[in-house]
Amino acid sequence: MARTETWRVAFLLVPLLAGAAAFAVDAPTNEVKIENFTFAPEAITVLAGTKVTWVNRDDIPHTVTAQDHSFRSKALDTNDSFSFTFEKPGEYAYFCSIHPKMVGKIIVKAP
């Protein structure tokens, strides 16, 4: 490839790559962090069929337990994660079974 063609390709790719990076940053992660004895964010809204992942950032174990028993994690140590795919629309309240004052909610909408 000639030197000018290489520069032309690079010139055309830079905006595409920059756009991809911006999209990746702006895309929702569907991640709930467990830190400072809270679920953050406390409530999120997703479409049916979405997988939500909880990640424990605290130094002590926590669980993710649905009030209706539709899902339950094991005790999550620091940096452990738990994922669940929400197939049906509805509201899913959950809590930490070790620390029941820690609560959160997943709101699932129809696609």
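The model is predicted, so local features need pLDDT of at least 70 and side-chain atom pairs count only at pLDDT 80 or more, while totals for chains, interfaces and linings use all residues. Residues are numbered from 1 along each chain as its sequence is written, and side-chain values use heavy atoms, with hydrogens and water left out.

**Salt bridges**

- A salt bridge here is a side-chain nitrogen of Lys or Arg within 4 Å of a carboxyl oxygen of Asp or Glu, and by this rule there are two.
- One of them joins Lys74 and Asp80, whose closest N and O atoms are 3.3 Å apart.
- Lys74 is exposed at 54%, whereas Asp80 is partly exposed at 24%.
- Lys105 forms a salt bridge with Glu91, with 3.3 Å between the closest N and O atoms.
- Lys105 lies in strand β8 (residues 103-109) and Glu91 in strand β7 (residues 90-95), so this pair ties together parts that are 14 residues apart in sequence.
- Lys105 is partly exposed, with a relative accessible area of 32%, and Glu91 is exposed at 56%.

**The sheet**

- Strands (E, at least two residues) are DSSP runs, numbered from the N terminus, and two strands pair if DSSP finds at least two bridges between them.
- Four strands make up an open sheet in the order β3-β8-β7-β5, with mixed pairing.
- β3 (43-47) and β5 (65-66) stand at the edges with a single partner strand each, so one side of each has no neighbour in the sheet.
- β7 and β8 run antiparallel and are joined by six bridges.
- Glu91 stands opposite Ile107 in β8.

**The nonpolar core**

- A nonpolar core is a set of buried Ala, Val, Leu, Ile, Met, Phe, Trp, Tyr and Cys residues joined through side-chain atoms within 4.5 Å.
- The largest such core has 20 residues, and Phe39, Trp54, Val64, Phe71 and Ile106 have the most contacts inside it.
- Two or more residues each come from β1 (31-35), β3, β4 (50-56), β6 (81-86), β7 and β8.

- Contact means heavy atoms within 4.5 Å.
- Leaving aside neighbours within four places in sequence, Phe71 is in contact with residues including Trp54, Val64, Phe82, Tyr92 and Tyr94.
- Lys51 is in strand β4 and, not counting residues up to four places away in sequence, touches Asn30, Ser83, Phe84 and Thr85.
- Lys51 and Asn30 are 21 residues apart along the chain, with 7.1 Å between their C-alpha atoms.

Methods: Buried < 20%, exposed > 50% of the residue type's maximum accessible area, 1.4 Å probe, protein only.
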